[in-house]
Amino acid sequence: MVVVGFEGLIVSDAIKTMIEKYHVGSMNRSKGNTADGPQIASLTKELQSFAKSAGQEHPLLIGTDQENGMVTRLGDGKRSTQFPGSMALGATRSPSLAYDIAKATARELRAVGINWNFAPVLDVLTESKEPAVTVRCFSDDPQIVGKFGGAFVQGLRVGGIASCVKHFPGTASLGNENRYPCSSESEKAKSDLEDHELVPFRRGVAHDGLDSIMLTHSVLHSGEKAAMVRNAKHVVHDLLRRQLGFRGIVVSDCSDLSENTRCSAQFPIIAIETGSDMIIMNDQLSALTSTVEGIYKAFINGNLRAEMMERASERIATLKKHYLNWEVALGDLGECAISSLMLEHQVLARKAYEASITAVRADKSTMSVFSRLQETDIVLLLTPVVRPIYSPDDTFGPIDPFECFGRALASRHKRIRHVPYTLENGITSVHVAFIKRATAVVLVTCNSIRPHQSPQIRNAKVVRAACGSKPLVALAACDPCDLLDDKSFPTYICTYEYTKPALETAASIIFGERHAPGVLPLSTPGSQVKRPQHIWKVDIWEKRRDAFSTADLWKQVLGRRWPMDAATLSALLDRPGFSKHYIVRSPASKELLGLCATYLTPRGQGEVIGSLALLLVRSSHLNQGIGLALHNVAVRELSNNAGVVSMQLGSVFPRFFPGLPVDLTAKDLDWFSHRGWKLGDDKFVSDLFLDMEKDRQRWQAPLDDTSVTKESDSLPISFSVCQPGQFPALIKFEERFFPPRSYPGWLEKYQSLKITDDIADIILATVTTRSPPSQSYDTAIIGAALVYSPVGSSQVAKDIPWPKTMGEKVGGIACLSVHPDYRTETTTKGLLRASIAELSTRGITGCFVEWVVTDLEWYNSLG
């Protein structure tokens with residue numbers, strides 16, 4: 001459950017101690033562990049080898065932050081390929097490109113032994129977002145974030161490594177304790193969270209099957225411990241586990257919290273106590289030792305529950321089994337593997353960068369100047385002094401990250417003057433002198449909307465004033481919001497990052513070698529903000545709370561054709577252990593808008609059928625995504641049940657409907673087929689009704705069984721009510737000829753009559769045969785049927801609701817079973833006649849037979 005980070009290029013004694021003594025099973029690789037590809041591969045292999053020798057059951061999870069763009073632990077163009085970051089990918093408008101980038105990233109990470117990526121970021125860009133998160137977001141549109149994030153997750157998975165999306169439930173300004181509203185908070189705050197921050201995570205859980213989710217730091221930064229625990233429990237258990245249905249690993253990063261509050265020593269324990277499965281720690285050995293022993297002490301003292309920690313361990317083991325094995329972990333990664341992959345991925349990276357650069361405003365007269373510069377013309381490049389993306393050293397060159405931009409411009413025009421400016425001094429008289437001598441100016445800003453970078457805005461206005469009518473290109477090298485609303489800069493280009501390939505691509509655009517096809521992935525000031533599609537909150541159905549409102553929904557949707565009272569509907573839905581239903585309510589009025597009912601039906605040998613029995617949406621709210629939300633949650637939950645081997649539309653028992661109604665349009669059928677349901681076998685199912693009052697004498701007459709025989713050595717077949725002594729033989733008959741695998745629910749329904757003492761509801765067909773040489777007589781069961789009426793305790797009557805809706809004296813026949821050797825018209829007809837005669841003796845005047853697939857004409861001939 002503990003992920004540790006360390007410094008150094010070799011496996012230190014401290015790390016060996018953590019693996020061997022404390023059984024740490026996961027590592028967090030940082031820049032401090034990186035020299036080059038072969039060194040990382042050697043380091044990760046040594047870690048895995050030591051974990052194997054220490055007796056660990058599974059290989060180590062070795063994770064890193066490889067979001068690409070501005071956050072990269074490996075992809076710097078030398079150690080591995082530099083790929084564009086999230087916002088740059090969002091500007092390409094191509095989720096498929098995001099998928100390809102993620103897959104390539106995964107292949108390169110896997111080539112050096114890294115198997116877990118703390119990416120992508122699923123935060124939705126908002127005005128209150130932490131400034132450090134801006135270009136790490138795909139967009140300010142939650143739907144776009146969901147699409148690109150899902151594509152990135154799938155790309156990592158196909159590339160062979162696990163993902164850890166972040167930062168749930170959205171990174172807000174630190175210290176805002178009311179960001180994640182509990183039940184007592186305002187409805188508006190809840191709605192904002194539902195319609196915005198939770199959208200990408202909800203989509204990821206439902207569609208992409210997320211491996212792990214990292215919580216935002218502010219979850220563990222809520223002031224006093226009591227508030228911290230309350231906040232974290234609400235986020236993990238209420239939002240993530242219950243509301244979104246997430247079953248993967250929850251990760252808390254405690255590596256940067258040690259100096260934030262006086263509760264720092266308790267952060268890891270609080271994280272585990274409130275539902276986190278894994279915690280990331282990057283301290284010295286003494287601090288790590290203290291943390292692990294503190295967790296152990298809290299467990300011994302009972303502050304941490306054993307079942308919670310066991311569930312966490314199971315989740316981690318499941319993830320490791322899916323992605324890891326010792327053969328790969330200890331295999332020869334190959335010194336040239338990463339270099340060959342980098343060569344292969346160059347074209348993909350270049351394609352992505354060329355598709356991302358965005359010209360928010362491009363004044364034609366300004367841009368044309370760069371294509372017709374004279375040799376004597378001077379172009380001035382003004383760049384801010386910012387921290388480099390990569391640590392400067394002898395291998396990776398200068399400290400100024402914009403030097404590559406200057407070189408790219410200089411390769412196209414010899415007289416480029418690159419003059420940096422600092423925040424402290426701003427635009428000085430020296431800069432103004434250069435501006436006066438220049439023919440054109442390129443001004444670079446970088447994250448100027450951050451509080452400590454705000455002097456850049458003032459500097460930009462000074463440059464614009466000094467330029468006068470000279471051509472001026474403003475380039476936002478990171479956050480696109482720098483000068484987004486200032487139209488006094490008629491040419492404004494965004495690169496979303498100041499990586500070398502992004503800046504080099506921008507240089508080619510400035511000189512007119514290619515256009516900028518990127519589209520700003522956020523709303524521009526003054527533009528009409530696209531309202532995000534409402535994301536419906538799906539809750540679990542509860543009988544006490546929802547019984548009557550569910551009956552009202554049923555009445556509104558199906559009441560005219562299929563009337564049903566609240567008590568009957570509630571009894572059909574309330575099947576603890578075998579059913580789970582889902583509802584959507586109106587956020588404002590709390591009116592029930594949709595219902596999805598699901599059941600589990602045993603098939604024998606540990607196998608289960610999952611049934612999506614009902615999907616109802618109030619007619620006033622059709623085509624708003626309610627049915628889709630209910631469907632996706634239901635299918636996800638059914639598929640997560642152990643033993644579920646197949647899913648079907650329609651229910652087995654209780655019997656609502658056997659499938660889809662025949663009056664569905666082609667559009668409706670396409671809706672289901674596009675979501676994975678296999679349709680088109682053209683098998684129609686009928687429910688039948690017999691009015692016994694029309695021919696009462698026919699069904700009350702004594703049965704003449706003498707003509708119903710099979711062979712010469714058989715006596716006539718008899719029909720009678722089942723006796724207690726015959727029940728064991730009946731169960732064996734059903735188990736042999738009508739097993740749960742082929743006839744789900746039938747055996748269970750026969751067995752249930754023993755529990756309720758309703759064996760007399762079974763009608764048997766038996767045959768007596770002579771057994772040579774003694775010529776003794778043996779009686780064998782060759783058929784059975786269940787009869788039921790509205791009164792009584794029979795489970796069958798409770799499972800099939802329709803007879804009682806047709807009249808108080810309407811009963812039915814179910815689970816009609818005939819031995820394969822006796823399936824003749826006379827045998828089946830005799831069993832059916834005997835069943836109807838038994839119902840008649842009980843005063844029943846109408847007989848219901850459900851789910852008839854074949855022999856429809858034969859049933860019709862009987863009336």
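This note goes through a predicted model in numbered points, from confidence to cavities, a helix pair and some backbone details.

1. Start with confidence. The chain has a mean pLDDT of 86, and 88% of its residues reach 70 or more. Among the elements, strand 15 (residues 472–476) has the highest mean pLDDT, at 97. The lowest mean belongs to helix 22 (residues 696–700), at 66.

2. Two stretches call for caution. Over residues 526–532 the pLDDT is below 50, and this stretch has five contacts in the model beyond near neighbours in sequence. Over residues 702–713 the pLDDT also stays under 50; here the model has 18 contacts beyond four places in sequence. Where pLDDT is low, the predicted coordinates should not be read in detail.

3. Next, the cavities. A search of the whole structure gives seven cavities of 30 Å³ or more. The volume of the largest cavity is about 160 Å³.

4. Which residues lie nearest the centre of the largest cavity? They are Gln48, Gly113, Asn115, Val328 and Ala329, out of a lining of 14 residues. Two elements, helix 2 (37–53) and helix 11 (326–329), each give two or more residues to this lining. Helix 2 gives the most, with three residues. By class, the lining of the largest cavity divides into seven nonpolar, five polar and two charged residues.

5. Now look towards the end of the numbering discussed here, at a pair of helices. The axes of helix 23 (residues 727–737) and helix 24 (residues 746–755) come within 9 Å and cross at roughly 170 degrees. Angles over 145 degrees count as roughly antiparallel, and helix 23 and helix 24 are therefore roughly antiparallel to each other.

6. Which residues make the contact between helix 23 and helix 24? From helix 23 come Phe727, Leu730, Ile731, Glu734 and Glu735. They meet Trp746, Leu747, Tyr750, Gln751 and Lys754 of helix 24. The contact has six nonpolar, one polar and three charged residues.

7. Two cis peptide bonds can be checked in the backbone. One joins lysine 166 and histidine 167, with omega about 0 degrees; histidine 167 is part of strand 7 (residues 162–168). Another runs from phenylalanine 653 to proline 654, with omega near -5 degrees. Proline 654 sits in the loop between strand 21 (644–649) and helix 21 (666–673).

8. Where is arginine 93 found? Arginine 93 lies in the loop between helix 3 (86–92) and helix 4 (95–111).

Definitions and conventions:
Residues are numbered from 1 along each chain as its sequence is written. This is a predicted model: local features need pLDDT of at least 70, side-chain atom pairs count only at pLDDT 80 or more; totals for chains, interfaces and linings use all residues. Side-chain values use heavy atoms; hydrogens and water are left out. On a 1 Å grid over the protein atoms alone, a cavity is a set of points where a 1.4 Å probe fits but cannot get out, and a pocket is an open set with protein on both sides within 12 Å along at least five of seven lines; lining residues have an atom within 4 Å of a point. Grid points are joined across faces, edges and corners, and a volume is the space filled by probe spheres set on the points. Helices (H or I, at least four residues) and strands (E, at least two) are DSSP runs, numbered from the N terminus. Ala, Val, Leu, Ile, Met, Phe, Trp, Tyr, Cys and Pro count as nonpolar, Asp, Glu, Lys and Arg as charged, and the others, Gly among them, as polar. pLDDT is the predictor's confidence in each residue, from 0 to 100. Contact means heavy atoms within 4.5 Å. Axes are lines fitted to C-alpha atoms, for helices over the stretch in contact, and angles run from 0 to 180 degrees between N-to-C directions. Angles under 35 degrees count as roughly parallel, over 145 as roughly antiparallel, 65 to 115 as roughly perpendicular and the rest as oblique.
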